[in-house]
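Trainee: I am new to this one, so please walk me through it step by step.
Mentor: Gladly. Take a look first, and then ask away.

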Amino acid sequence: MSGITLAELLARETREGDLYDTLPDGRLRCFACGHCCPLPEGAEGVCKVRFNQGGRLLVPWGYVGGVQCDPIEKKPFFHAHPGALAYSFGMLGCDLHCAYCQNWVTSQALRDPAAVAPPLGTSPGDLANDALRQRARVMVSTYNEPLITSEWAVAVFKEAKAAGLVTGYVSNGNGTPQVLEYIRPWVDLYKVDLKSFDDRHYRQLGGRLEPILDTIRRLHAMEFWVEIVTLLIPGFNDTRDEIERLTAFVASVSPDIPWHVTAFHGDYKMTDPQNTTAEMLLAAADIGQANGLRYVYAGNLPGCVGDLEDTRCAGCGDVVVARFGYHIRDYRITPDGRCPSCATRVPGRWSRQFDGQIASRPFIPGKRGIQFKVLSTDF
Ligand code: SF4
């Protein structure tokens, strides 16, 4: 095993994927993400984890790059089972290469030698059992881009759903109609990072704006529960004009989609911009509200953003969920998902009752949990 590279190791941890076609010239067309890479024999996609071997598309299988138990508010989902524990797993690799990625150790593991993330062998059943053992209510594919490993996510979520768990993607939204149809039976919640509303900015990150907008429209039409996050980066995506257009777009899809505008702090290769201040978040939130968005949240600066951590009823304005950071301070939504003061429906996926908060901080599953198979000691 000594001397094996991460790419060589991961090339062994694969199986034939479902999300591809064979083109008339013999190349394969992958449609797990919006790049829709055409792959001649021996070629790998932009994501570096899916590749054409002998006319078959091989895709990641049988491992995780990390597992963590997070409060669902960290994803962030604010309108889905508040207080629930979200058992979160990821694989390795990404179809984008954002210079400020906060999960770069897993997402850029195949591009950046400084990103060292040992893959751990496991099975869908073991992950679902471990989630139950940790008292998770939700299971989420996150930390790297879940779209590019959708075959594995679906296998895990089949077990999760059989065990009664709610499932979700935390994604950059660079999808295709085919991958959304493929995951629809198995994914309940979908968070999209809408990183900018300028195609030139998206190209800097390795993507394009249009497939992401198309994915958001489709997700809503297909009745996934969608929440959108924009990390506000001074000097990158924070002009008034860009936030105007971005929030007007979200409101045009549905004013009921929660929009989280969150504070940037220097990370990975993007350490020059100043950190986002509370005033910047509040100004962006004002624009979103003025554009008709009913549920606007300001994140990453707990206690500094007034009531923009709370959920208010769109009918009477009463607070129905009060928060501080990931912590639920008060929960008043009725068992049928309404405001207790005026009976206005609060859009989202609500549990029949609030069972308290299992954890308000992330934690690594305990030692008595899942036993992962170490695939190599080289990493
Ligand atoms: S997942 Fe995306 S980047 Fe990877 S091979 Fe498929 S289309 Fe290309």
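**A guided look, from loops to pockets**

Trainee: In which loop is Pro76 found?
Mentor: Strands here are DSSP runs (E, at least two residues), numbered from the N terminus. Residues are numbered from 1 along each chain as its sequence is written, and side-chain values use heavy atoms, leaving out hydrogens and water. The model is predicted, with local features needing pLDDT of at least 70, side-chain atom pairs counting only at pLDDT 80 or more, and totals for chains, interfaces and linings using all residues. By strand position, the place to look for Pro76 is the loop between β8 (66-71) and β9 (85-90).

Trainee: What is the omega of the peptide bond that joins Lys75 and Pro76?
Mentor: Lys75 and Pro76 are linked by a cis peptide bond. Its omega is about -10°.

Trainee: Is His81 buried or exposed?
Mentor: His81 is in the loop between β8 and β9. Its phi is positive, about 50°, although His81 is not a glycine. Buried means under 20% relative accessible area, exposed over 50% and partly exposed in between, with a 1.4 Å probe and protein chains only. Because its relative accessibility is 7%, His81 counts as buried.

Trainee: How does Ala343 count by relative accessibility?
Mentor: Ala343 lies in the loop between β19 (327-331) and β20 (373-374). Its phi is positive, near 70°, in a residue other than glycine. With a relative accessibility of 43%, Ala343 counts as partly exposed.

Trainee: How many residues of strand β14 are buried?
Mentor: Strand β14 covers residues 225-232. Trp225, Glu227, Val229 and Leu231 point one way, Val226, Ile228, Thr230 and Leu232 the other way, and all are buried. In a regular strand the side chains alternate between the two faces of the sheet. β14 is largely enclosed by the rest of the structure, because the buried count is 8 of the 8 residues.

Trainee: Which residue in β16 stands opposite Val261?
Mentor: β15 and β16 pair in the parallel sense over 4 bridges. From β16, Val296 and Ala298 point one way and Tyr297 and Gly299 the other way, and all are buried. The residue opposite Val261 is Ala298.

Trainee: Which are the edge strands of the open sheet of 3 strands?
Mentor: This sheet has antiparallel pairing and the order β17-β18-β19. β17 and β18 (residues 319-324) are joined by 2 bridges, with Thr311 standing opposite Val321. An edge strand pairs on one side only, which leaves β17 (311-312) and β19.

Trainee: What is the volume of the largest cavity?
Mentor: On a 1 Å grid over the protein atoms alone, a cavity is a set of points where a 1.4 Å probe fits but cannot get out; a pocket is an open set with protein on both sides within 12 Å along at least five of seven lines, and lining residues have an atom within 4 Å of a point. Grid points are joined across faces, edges and corners, and a volume is the space filled by probe spheres set on the points. The structure holds 1 cavity of 30 Å³ or more. The largest cavity has a volume of about 80 Å³.

Trainee: What takes the space of the largest cavity?
Mentor: Its lining includes Cys30, Leu39 and Ile148. A molecule sits in a cavity or pocket if more than half of its atoms lie within 2 Å of its grid points. The space of the largest cavity is taken by the ligand.

Trainee: Which element gives the most to the lining of the largest pocket?
Mentor: The largest pocket holds about 1000 Å³ of space. Its lining has 42 residues, with Lys75, Gln102, Asn103, Lys191 and Asp193 nearest its centre. Elements giving two or more residues are β12 (166-171), β13, β14, β15 and β16 (296-299). With 3 residues, the element that gives the most is β14.

Note on methods:
Two strands pair if DSSP finds at least two bridges between them.
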